[in-house]
Amino acid sequence: MESPSLARLDILLVRHAIPIEPWTAGWESRDDDRPLSEEGLRQADDLAFELDPWGLTAVYSSPYARSLQTVEPVARRRMLGVQVLPDLRERRLTLGPTEAWRELLARSWTDPSFAVEGAESGLAAQRRGIGVLDLLRARHADGGRLLVGSHGNLISLILQTFEPAVDVDFHLAMPMPAIYHLEHDGIGWRVMGGHGFVEIAETN
């Protein structure tokens, strides 16, 4: 007996809008809860209008406040709830503020297994992100179009799975917010477009 075929599924993978700065006074011990800045809140509202032409089946988000606040205006305009998936959280590069974060980030891209003690390697985060795509593919076997809110490092690692040219420079250049269109045609995932992909295509 043949397995039922999977319908086309589109994902709009969205990096959050501009939050208050990392390790802002008063937020040192709860960095995951950092909200959007005033500019970021305006960006989230603008994003909701920008995505008006897109019919959406469901909205998902990282549990972090800055991701939730980015997708909530889109969900409200469609009277959809936001479904939280913990595995959409940002990769934990360090356990606290450090001036060496850029060097640690670069090393983690050249050595995917590298991780500061107690933090998460790029490889582990990438596998976690792809696991989310697998979950959404199984959950939406009949297809549809999903808005999925997450974070720059994790999104970059997900994209690199399908586009090997994605690297640390791509990650660091990613704007806030940023949108990437992924499609599953019933067989496999591919990146259809998004911020920075024209430049990548020109280098291949």
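Helices (H or I, at least four residues) and strands (E, at least two) are DSSP runs, numbered from the N terminus. The model is predicted: local features need pLDDT of at least 70, side-chain atom pairs count only at pLDDT 80 or more, and totals for chains, interfaces and linings use all residues. Residue numbers start from 1 along each chain as its sequence is written, and side-chain values use heavy atoms, with hydrogens and water left out.

**View 1. Helix α2 and its bend at V71.** The 13 residues of α2 should span 18 Å at 1.5 Å a residue; the expected span is 1.5 Å times one less than the number of residues. The end C-alpha atoms of α2 are 19 Å apart, which agrees. At V71 the helix bends by about 35°. The bend is the angle between axes fitted to the seven residues ending at a position and the seven starting there.

**View 2. The buried side of α2.** Buried means under 20% relative accessible area, exposed over 50%, and partly exposed in between (1.4 Å probe, protein chains only). The buried residues of α2 include R66, L68, V71 and P73. Its buried residues pack against β1 (9-15), α1 (38-50), β2 (58-61), β3 and β4 (144-150). Contact here means heavy atoms within 4.5 Å.

View 3. M79 lies in the loop between α2 (65-77) and β3 (82-84). Its phi is positive, about 55°, although M79 is not a glycine. Most residues other than glycine have a negative phi. M79 is exposed, with a relative accessible area of 79%.

**View 4. R77 over the ring of F49.** R77 lies over the face of F49, at 4.2 Å from the ring centre. The criterion is NZ of Lys or CZ of Arg within 6 Å of the ring centre and within 35 degrees of the ring normal.

**View 5. The F170 and Y180 aromatic pair.** A search of the whole structure finds one aromatic pair. F170 and Y180 form this pair, which is tilted: 6.0 Å centre to centre, with 45° between the planes. F170 sits in helix α6 and Y180 in strand β5, 10 residues apart. Rings of Phe, Tyr and Trp (its six-membered ring) pair if their centres lie within 6.5 Å; planes under 30 degrees apart count as stacked, over 60 as edge-to-face and the rest as tilted. Both F170 and Y180 are buried.

**View 6. The cis peptide bond between M176 and P177.** Omega is about -5° at this bond. P177 lies in the loop between α6 (168-173) and β5 (178-184). Most peptide bonds are trans.
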